[in-house]
Amino acid sequence: MKNTLKIDFNGKKIVMDRTFAKNCTNTNSDEYAQLQSVRRDYPDFTVVTKTIKRNPEKETYKGLTYEYMEDYILRHESEENALAIIKEFNELRTISKCHKQGLRYPTIKRWFLEKYPEIVDFAKIA
């Protein structure tokens, strides 16, 4: 069982994630049995589902894919300049493959947005 319960002794809470909570709806599941066992052990604890805290200040760029970046470079740069930038872009993508999966796209996105700040400004207008 990958999803487990956590017990917050200070807050007197039994905390479960969303997947565990969903699995608990089936009364024949292992998760349901585990939850009932923990509730018997801590009857005065409150059962809560953990929520992920979202950052409302985070800027997102839906649709800003590698393909979009490459297309944007080709459309907005002169031919000889575009080839050099595409070469740099592809080199960054190659280098990024030695990094963790979660760092690859953000690094290239940062490079692209620094090179083309009008994309950031356009996102603020839209």
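Start by selecting R93 and Y66: R93 lies over the face of the Y66 ring, at 4.0 Å from the ring centre. Keep in mind as you look around that this is a predicted model.

How many aromatic pairs does a search of the whole structure find? The count is 10. One of them is formed by F112 and Y116, so select those next. Their rings are tilted, with 40° between the planes and 5.1 Å from centre to centre. Are F112 and Y116 buried or exposed? F112 is buried, because its relative accessibility is 0% and the cut-off for buried is under 20%. Y116 is buried too, with a relative accessible area of 3%.

Now go to the strands. Select β1 (residues 6-8) and β2 (residues 13-16): they run antiparallel and are joined by 3 bridges. Zoom in on D8, and you will find K13 of β2 opposite. The hairpin has 4 residues between its strands, and K12 there takes a positive phi near 55°.

β3 pairs with β2 in the parallel sense, over 4 bridges.

For the last stop, select S29, in the loop between α1 (18-24) and α2 (30-41). S29 is buried, at 12% relative accessible area. Its side chain reaches the backbone oxygen of N23 at 2.9 Å. Leaving aside residues up to four places away in sequence, S29 touches N23 and C24.

How values were computed
Residues numbered from 1 in each chain as written. Predicted model: local features only at pLDDT ≥ 70, side-chain atom pairs only at ≥ 80, totals over all residues. Heavy atoms only, no water. Pairing = 2+ DSSP bridges. Helix = DSSP H or I, 4+ residues; strand = E, 2+ residues; numbered from the N terminus. Buried < 20%, exposed > 50% of the residue type's maximum accessible area, 1.4 Å probe, protein only. Polar contact = N/O pair within 3.5 Å; in protein donor to acceptor, adjacent residues only side chain to side chain. Contact = heavy atoms within 4.5 Å. Phe/Tyr/Trp six-rings, centres within 6.5 Å; stacked < 30°, edge-to-face > 60°. Lys NZ or Arg CZ within 6 Å of the ring centre and 35° of its normal.
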